[in-house]
Amino acid sequence: MAKKKLNVGLVGYGFMGRTHSNAYRQAPVFFDLPYSIGLKAVCARNPERAQAFADNWGYESIESDWRKLIDRKDIDIVDIASPNDTHHEIAIAAAKAGKMVLCEKPLGRNAKEAKAMVDAVEAAKVANMVWYNYRRVPAVVLLKHLIDEGRLGKIFHYRTKFLQDWTISQDLPQGGEGLWRLDASVAGSGVTGDLLAHNIDTALWLNGGISEVVAMTETFIKARKHNLTGEMTPVNIDDASLFLCRFANGSLASFEATRYARGHKALYTLEINGEKASAIWDLHDLHRLQWFDHTDEGRLRGWRSIHITDSDHPYMKNWWVPGLQIGYEHTFTHQVADFLKALGEGKQAAPTFRDGLAADYVTDAVLESAKSRQWQKVLG
Ligand SMILES: NC(=O)c1ccc[n+]([C@@H]2O[C@H](COP(=O)([O-])OP(=O)(O)OC[C@H]3O[C@@H](n4cnc5c(N)ncnc54)[C@H](O)[C@@H]3O)[C@@H](O)[C@H]2O)c1
């Protein structure tokens, strides 16, 4: 019997538009899912470019106004892969129209926006998810299982960073296509919402809630030409953000993100230290988990590097044969697969909008603490 088809309307054809489109094409092929996916429409303001994207990825139609996309009866899932300032309005309208809503991170530019988005999807009772894709790296999922099995014992430390170097040049403008991340009115914040939001979401998932934070941020380049006006305009994003925090489980943590770490392009790392074991994961080597188990026989005890490619590793039986690794794009494919599987079971796949709000509460507290130079309680 043919599976019920769910039609996607994608907003935005940039970096994330591509990762999501690839995931919609791959997930039903590699996973046994209760639904099939129809690539129904892609929406972006420039119709020629939207059409070229639609032709390339196999979307049936285009829209140049997201409101029209939401009005369409033939769209089941609205997928928001456009800049942060668009998430709030599109998600709320989509939920009110009864669509399922998938939204890129950060959920809102701040927790206030995110809270309204949570209220909208929960009132409409529509399935919802935030694309915090690092929760779907097989090595990170294995770590989650090891933590949940109690193999680390009591957790003492969590240590994480996300380093890039692409904004060091004073001549780099802000605003407009490709550079909206430097414009605080569009992005909400700088590296706190863009990069640290990922570290925060993974940490909340692995290690539980964060109770309080103390942070410092810096804007190294204070003014840049704005692409939309041609004027030199103050830069209002944080270029670097560091914070310390306490988790509800009593562990202490440090978080750091910057776009000024020369030589680093997307160095997301995390380390967790427990009473019985420690683990390290690194995005540049994403198919490995470094693992130290103190309960091993003393003579043989040491750090081991687990190659996460075996069929008993998370998601891996759906891919190739043991020894052959997968990469970044698969995290999005896993997310689509999990979303559809959960939907088929009448459940809600995480991270939901409510989980996205939890990350926004932390980023709000980080930015507030950096401003006040005081410890800040995390709301929520
Ligand atoms: N999950 C992740 O790892 C990850 C990685 C990168 C970006 N993101 C998030 O994804 C979102 C998009 O980022 P990106 O890197 O793909 O950006 P991008 O600049 O590559 O693409 C943005 C797209 O949105 C379109 N767009 C802008 N305003 C629009 C509007 N009003 N209506 C319709 N389309 C509009 C643009 O034309 C473009 O196609 C952001 O929220 C970002 O934070 C998440």
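How do the residues of the shell around the ligand divide into nonpolar, polar and charged? The points below start with that shell and then turn to the rest of the protein.

1. The shell around the ligand. Its residues divide into ten nonpolar, eight polar and four charged. Here Ala, Val, Leu, Ile, Met, Phe, Trp, Tyr, Cys and Pro count as nonpolar, Asp, Glu, Lys and Arg as charged, and the others, Gly among them, as polar. The ligand is surrounded by 22 residues, and the closest are Gly12, Gly14, Met16, Ser82 and Glu104. H1 and H4 each supply at least two residues of the shell, and H1 gives the most, with three residues.

2. Basis of the model. This is a predicted model, in which local features need pLDDT of at least 70 and side-chain atom pairs count only at pLDDT 80 or more, while totals for chains, interfaces and linings use all residues. Residues are numbered from 1 along each chain as its sequence is written.

3. Overall form. The protein has ten helices and 17 strands; these are DSSP runs, numbered from the N terminus, with helices (H or I) of at least four residues and strands (E) of at least two. The C-alpha trace spans about 65 × 60 × 40 Å along its principal axes. A compact globule of 380 residues would have a radius of gyration near 21 Å, and the protein agrees, with 21 Å. That radius is taken over C-alpha atoms, and the globule rule is 2.2 Å times the number of residues to the power 0.38.

4. Two domains. The domain assignment gives domain 1 (4-133) and domain 2 (137-377); such bounds come from an automatic or database assignment. Their centres, taken over C-alpha atoms, are separated by 23 Å. In domain 1, 34 residues are in contact with 37 residues of domain 2, where contact means that the C-beta atoms of two residues, placed from the backbone, lie within 7 Å. On the side of domain 1 that touches domain 2, H1 (15-30) has the largest share, eight residues. The residues of this side divide into 21 nonpolar, nine polar and four charged.

5. Burial and the cores. Buried residues make up 48% of the 380 residues. A residue is buried if 20 or more other C-beta atoms lie within 10 Å of its own, exposed if 12 or fewer, and partly exposed in between, with C-beta atoms placed from the backbone. The largest nonpolar core has 109 residues, and Val42, Cys43, Val78 and Val101 have the most contacts inside it. A nonpolar core is a set of buried Ala, Val, Leu, Ile, Met, Phe, Trp, Tyr and Cys residues joined through C-beta atoms within 7 Å. Helix H10 (residues 353-372) supplies the largest share of this core, ten residues. A second, separate core of five residues includes Trp180, Leu182, Ala187 and Val235.

6. Ile200. This residue is found in helix H8 (residues 191-207). Ile200 is buried because 31 other C-beta atoms lie within 10 Å. Leaving aside neighbours within four places in sequence, Ile200 is in contact with Ala359, Val362 and Thr363.

Methods. Near = placed C-beta within 6 Å.
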